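Hello,

Here is the structure I promised to pass on to you. Please have a look at it first, and then read on for what turned up.

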Amino acid sequence: MPLYEFECKKCHHRFEKIQSVSAPDPECPKCKSKVERLLHAPAVQFKGSGWYATDYAKKGASTGQSESKPAAEGSPLSKTESKTESKPEPKSTTPSKE
């Protein structure tokens, strides 16, 4: 059951009361005249991730590994990259000294 705030139209006394939505408005506890239900913004509490600016990725950042960063040394990706990037050294045409 929600908590409502009421204000007396005659003496301007404010009070709170827990009652159902369909219940009629109570009367003022001080002067027994009619009251008015006051409206307020609802209380909202956001839970979980994604509600704060710090939870979002920065512009331009991608999830996973970016292309500009080298792979770790032990990963299979770094081994294949090093094989494809390395070029065989040309054989020397000069005679070797023995």
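A cut-off to begin with: a residue is called buried when its relative accessible area is under 20%, exposed when it is over 50%, and partly exposed in between. Please also keep in mind that this is a predicted model.

By that cut-off, Glu 5 is buried, because its relative accessibility is 18%. Glu 7 has a relative accessible area of 18% and is buried too. Together, Glu 5, Glu 7 and Arg 14 make up a network of salt bridges.

The whole structure holds three salt bridges. Asp 25 and Arg 37 form one of them, with their closest N and O atoms 3.1 Å apart. Asp 25 sits in the loop between strand 2 and strand 3, while Arg 37 belongs to strand 3, so this pair ties together parts that are twelve residues apart in sequence. Asp 25 is partly exposed at 38%, and Arg 37 is partly exposed at 23%.

Now the fold. The protein has one helix and three strands, and along the sequence they follow the pattern β-β-β-α. The three strands build an open antiparallel sheet in the order 2-1-3. Strand 2 (14–18) and strand 3 (35–38) are at the edges with a single partner strand each, so one side of each has no neighbour in the sheet. On average, neighbouring strands are turned by 35 degrees against each other, direction ignored. Strand 1 (residues 3–8) is joined to strand 3 by four bridges, and Glu 7 stands opposite Glu 36 in strand 3.

How many disulfides are there? The count is zero. A disulfide needs two cysteine sulfur atoms within 2.5 Å, and the sulfur of Cys 8 is 3.5 Å from the closest one, in Cys 31, so that pair is too far apart for a bond. Cys 28 is in no disulfide either, as the nearest cysteine sulfur, in Cys 11, is 3.7 Å away. Both Cys 8, at 1% relative accessibility, and Cys 28, at 0%, are buried.

Finally, some totals: 14% of the 98 residues count as buried. The protein exposes about 9,400 Å², with carbon and sulfur atoms supplying 55% of that area.

Best wishes

Conventions. Residues numbered from 1 in each chain as written. Predicted model: local features only at pLDDT ≥ 70, side-chain atom pairs only at ≥ 80, totals over all residues. Heavy atoms only, no water. Buried < 20%, exposed > 50% of the residue type's maximum accessible area, 1.4 Å probe, protein only. Pairing = 2+ DSSP bridges. Helix = DSSP H or I, 4+ residues; strand = E, 2+ residues; numbered from the N terminus. Axes fitted to C-alpha atoms, helices over the stretch in contact; angles between N-to-C directions. Areas by Shrake-Rupley, 256 points an atom, 1.4 Å probe, with all protein chains shown as cover. Salt bridge = Lys/Arg side-chain N within 4 Å of Asp/Glu carboxyl O.
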